[in-house]
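Reader: I have a model open and want to learn how to read its features. Please take me through a few.

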Amino acid sequence: MAMDAKEIEAKAKALGKAATSNESATVILGLLKDIQSGVRATEDLLRQTRIGIIVNKFKQSKTPEVARLSSEIVSKWRTEVNKQKQGGGTAASRGSSGSPRPAQNGTGASTPVAATPSDKASKLSVPPDKRTWKADGAEINHTGNRVRDSCTGLMYDGLCVGSTESVKVVLSRAIAVEVSAYKYLGPETKEEYRTKIRSLFQNLKNKSNPKLRVRVVEGEITSEQFVRMSHDELRSVEQREADAKIQKENMDKAMVAQQERSISKSLQCGKCGQRKVTYTEAQTRAADEPMTLFCTCLNCGKSWRQ
């Protein structure tokens, strides 16, 4: 029996919760099988319920059965939606596949467009790693303001790199981010607004943090959340863990007792000729040989050993 939109949204919510709470593969497979048998895919239904985004994430599952089943479901939905389009589809479906420019409300904000299997199937004119708003032919002029529209283009360039999402989806996200930044830090003449846009762009382009782009494009991070994230929050978990490790190592080194250095007036620096030299001794050779002196000139900083 086919599910209605509310039932599908409930299943999507349960599936998302199962992923975040690390539920067993058996539970996830049960939910996926219910979705496979109960969803009669249309483009409008997939957009409304966002079930395509949720199921698509499980294609990367480490459990082979989960990855295989989710791939089958997405492939089936893509085929069904494409057949509907070829057969004429509904008026709403035909309208949604037209111009890539998103619908706007009174504030200039775009209505977010959910990523669906049919969107991802769209052919791109350039390889994913070469994408820009110019290469994609995206219509970034959504406000008529040169500065704001340029910032939208910058956000598009940050979000599209390496992405296979359609122009329509990426443009919708880029516009939403710019509008949120404008509301939060605008107007566009304020330095805070421009600085934030540049900072977000640099973080999106960071090759060591590709998950950030994916999370923003797929709507896991909303545009409102994105523009309010701190520098630390924008970094990946791996980056934060690496920094924490370095900080701990530096702290450990700082807590180690340093060997006391003596000051000698008999030692002379070969560089500046001063006799302001500190030194430490260490046995680096055989026990019956004299100790090695490690010297540093307090005047010019030259270091040597003798």
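Reader: In which loop is Arg-50 found?

Author: Arg-50 sits in the loop between α3 (43-49) and α4 (51-57). Helices here are DSSP runs of H or I, at least four residues, numbered from the N terminus. The model is predicted: local features need pLDDT of at least 70, side-chain atom pairs count only at pLDDT 80 or more, and totals for chains, interfaces and linings use all residues. Residues are numbered from 1 along each chain as its sequence is written, and side-chain values use heavy atoms, with hydrogens and water left out.

Reader: What phi does Arg-50 have?

Author: Most residues other than glycine have a negative phi. Arg-50 is not a glycine, yet its phi is positive, about 60°. Asn-22 also has a positive phi, about 55°. Asn-22 lies in the loop between α1 (5-20) and α2 (25-38).

Reader: Is Asn-22 buried or exposed?

Author: Buried means under 20% relative accessible area, exposed over 50%, partly exposed in between (1.4 Å probe, protein chains only). Asn-22 is exposed, at 68%. Arg-50 is partly exposed, at 29%.

Reader: Which residues of α11 are buried?

Author: An α-helix has 3.6 residues a turn, so residues three or four places apart point the same way. In α11 the buried residues are Tyr-193, Lys-196, Ile-197, Leu-200, Phe-201, Asn-203 and Leu-204. They fall within an arc of 165° (directions from the helix axis to the C-beta atoms), so they line one face of the helix.

Reader: What do they pack against?

Author: Contact means heavy atoms within 4.5 Å. The buried residues of α11 pack against α9, α10, α12, α13 and α14 (231-234).

Note on methods: Helix = DSSP H or I, 4+ residues; strand = E, 2+ residues; numbered from the N terminus.
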